[in-house]
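Please look at the structure below.

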There are 2 protein chains.
Amino acid sequence: MAILVVGSVAFDAIETPSGRRDRCLGGAATYFSLAASYFTDVRVIGVVGEDFGPEEESVLTRRNIDTRGIEHVPGKSFFWSGSYMQNLNEAQTLNTELNVFQSFSPKIPDAYTDSEYLFLANIDPVLQADVRSKMPKVKMVCGDTMNYWIKDHAANLAHVLKGLDALLINDTEAKMLAQDNNLVRAARKVLEMGPKALVVKHGEYGATAFFGKHTFGDSAVVSVPFRAPALPLDEVVDPTGAGDSFAGGFFGYIASRPALTPAVFRRAMFYGGVMGSFAVERFGTERLQHLDRKEIEDRFALFRQLSHLD
Amino acid sequence: MAILVVGSVAFDAIETPSGRRDRCLGGAATYFSLAASYFTDVRVIGVVGEDFGPEEESVLTRRNIDTRGIEHVPGKSFFWSGSYMQNLNEAQTLNTELNVFQSFSPKIPDAYTDSEYLFLANIDPVLQADVRSKMPKVKMVCGDTMNYWIKDHAANLAHVLKGLDALLINDTEAKMLAQDNNLVRAARKVLEMGPKALVVKHGEYGATAFFGKHTFGDSAVVSVPFRAPALPLDEVVDPTGAGDSFAGGFFGYIASRPALTPAVFRRAMFYGGVMGSFAVERFGTERLQHLDRKEIEDRFALFRQLSHLD
């Protein structure tokens, strides 16, 4: 079933201990779409400038991603520049130019309105809420956010959280959102804000899903958390987009299944880790552009091998 | 089969956000022994002062731990005082008084010489090597160390590492020992120093075992790492001794099995996490003193549930 994603499509300049790139196609919606495209149909809503040409578009269309929702407007695309020279776990932002993204007003093509799954990537919660309200019939909605929206746009974010099936954020964001430095207590508080599930990404240590006291998907009440591993890697070339790639693998797998059961949720957590592990092996989306399903299944098997008793 | 452990038996004063204790029975050998005692016979070598009386001794003997190797000498026992008020993941040491530990010279009772398993807790590598040399017939040796020995006693530590089947340390220690800030590369370098396996403890994120290109135990070559979860807890009352309790559960389980297979190693990693999770639920060794095997098996089942796909 098709996933609709709304988020940034951008150019990034990145330096890491492994090297540098002055211009990578990036943005949350790009990473998410590519990762999810190995599992299901993906449709993107975003905005780009005149620097986004046929070459960039073909990165998405080669993966059968529907780009009709990417609006082209005069000006330059969103540009981000970051360094991981000091710390591979946290980017130091050198420069952010919103450019055409500053006046982004998401428009949903008619062809997208039958999408059953919706991913609200990390953008202004006002825009997340707007897209959500225009897609009343979606079956499942997942979303992301970041410190900026948590700190300075709390009321708008609270509105979005109420309508989420799953929120995917990292440890720091979860603790900041809950104002509690214990992850389990923080998760409980975040779940009280609305999401039926909270997926907390721990970077190299994997991810943990916490569940509220809701009936989740087609299944009964799930209350024990679920912890998925990450792959120990001897070189993280570029951590940019790992979280969005996790979300793409996670949600892409769920959208590919007939029903959301606890078993499907667990496997989705593994596929999230799998796609995150591919993303960081090369700069930008290089690795995500040229995978095949066998590589993905082999790595899934490796994730199982490195975490399962039998 | 019996495990012989050499290490500190101490008194601790601890403050955490959950409260404070002015005098807890502690020390690496104490935590290790109690945790391992639920799986196998345990014998301790250590030294205590006149402040260690029948009440303290009975904490160990009630768990059938053989204390004949605990030497009683005039003076005060090792005393450590620490605070976790700023950071539950890392103790701030307020005071260390070595006392009788300063002139500790391990003596091995005759009754201990048939021990098949040896754990060298975190003490001076010169003493670790001494005990190791006096137990030439042990089947398996595991050890721990810390930043102080890694930085200032490298040559002595290198000698100990050559004789270890498994080294159990945390992320920071592994990276410091290898002088590499990537965990996988660091693990490779540590394994080249001698240990057949390296178990890296990640605190609330669990632990990862890395294996060298050796035949390990009775099994064939193992090369894929193994990652075991930790239990997400809504209150860590006192993190003191979590690593030693992990080691006790890990090694105690191994010693209880007829042969060390990859499957036994994996389960041992889970039992390590299980015992660590109990240890931090109360101050000092309070929780470890009064467990039963059913509680341990129930928690093992919970660890499986929170990490396994099926």
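Q: In what order do the 4 strands of the open sheet of chain B lie?
A: Helices (H or I, at least four residues) and strands (E, at least two) are DSSP runs numbered from the N terminus, and two strands pair if DSSP finds at least two bridges between them. In chain B, the pairing in this open sheet of 4 strands is mixed, and the order is β3-β2-β6-β7.

Q: What are the edge strands of that sheet in chain B?
A: The model is predicted: local features need pLDDT of at least 70, side-chain atom pairs count only at pLDDT 80 or more, and totals for chains, interfaces and linings use all residues. Residues are numbered from 1 along each chain as its sequence is written, chains are lettered from A and ligands numbered from 1 in the order in which they are written, and side-chain values use heavy atoms, with hydrogens and water left out. An edge strand here pairs on one side only, which holds for β3 (19-26) and β7 (92-97) of chain B.

Q: Which residue in β7(B) stands opposite Ser81(B)?
A: Strands of a sheet pair through backbone hydrogen bonds, either parallel or antiparallel. Strand β6 (residues 78-83) of chain B and β7(B) run antiparallel and are joined by 5 bridges. Opposite Ser81(B) stands Asn95(B).

Q: Which residue of β9(A) is the bridge partner of Tyr117(A)?
A: Chain A has an open sheet of 9 strands with mixed pairing, in the order β5-β4-β1-β8-β9-β10-β11-β12-β13. Within it, β8(A) and strand β9 (residues 140-143) of chain A pair in the parallel sense over 4 bridges. The partner of Tyr117(A) is Met140(A).

Q: At about what angle does helix α1 of chain A run to β1(A)?
A: Axes are lines fitted to C-alpha atoms, for helices over the stretch in contact (heavy atoms within 4.5 Å), and angles run from 0 to 180 degrees between N-to-C directions. Helix α1 (residues 28-36) lies across β1, β4 (42-48) and β8 of chain A, and its angle to β1(A) is about 165°.

Q: Which residue caps the N-terminal end of α3(A)?
A: In helix α3 (residues 125-134) of chain A, the buried residues (under 20% relative accessible area; exposed is over 50%, partly exposed in between; 1.4 Å probe, protein chains only) are Pro125(A), Leu127(A), Gln128(A), Ala129(A) and Val131(A). Their cover includes β1 (3-6), β8 (117-120), α4 (147-152) and α5 (154-162) of chain A. At the N-terminal end, a side-chain oxygen lies 2.8 Å from the backbone nitrogen of Val126(A), and the capping residue is Asp124(A).

Q: How far apart are the end C-alpha atoms of helix α9 of chain A?
A: In α9(A), 15 of its 18 residues are buried. The expected span of a helix is 1.5 Å times one less than its number of residues. For the 18 residues of α9(A) (residues 262-279) this gives 26 Å, which agrees with the distance between the end C-alpha atoms, 26 Å.

Q: Is Asn64(A) buried or exposed?
A: Most residues other than glycine have a negative phi, and most peptide bonds are trans. Asn64(A), not a glycine, has a positive phi of about 60°, and lies in the loop between α2 (54-61) and β5 of chain A. With a relative accessible area of 66%, Asn64(A) is exposed.

Q: As by what kind of axis are the two copies related?
A: Copies are superposed by least squares on the C-alpha atoms of residues with pLDDT of at least 70 in both. A rotation of 180° with 0.0 Å of shift along its axis superposes chain B on chain A, with RMSD 0.0 Å. The two copies are therefore related as by a two-fold rotation axis.

How values were computed
Polar contact = N/O pair within 3.5 Å; in protein donor to acceptor, adjacent residues only side chain to side chain.
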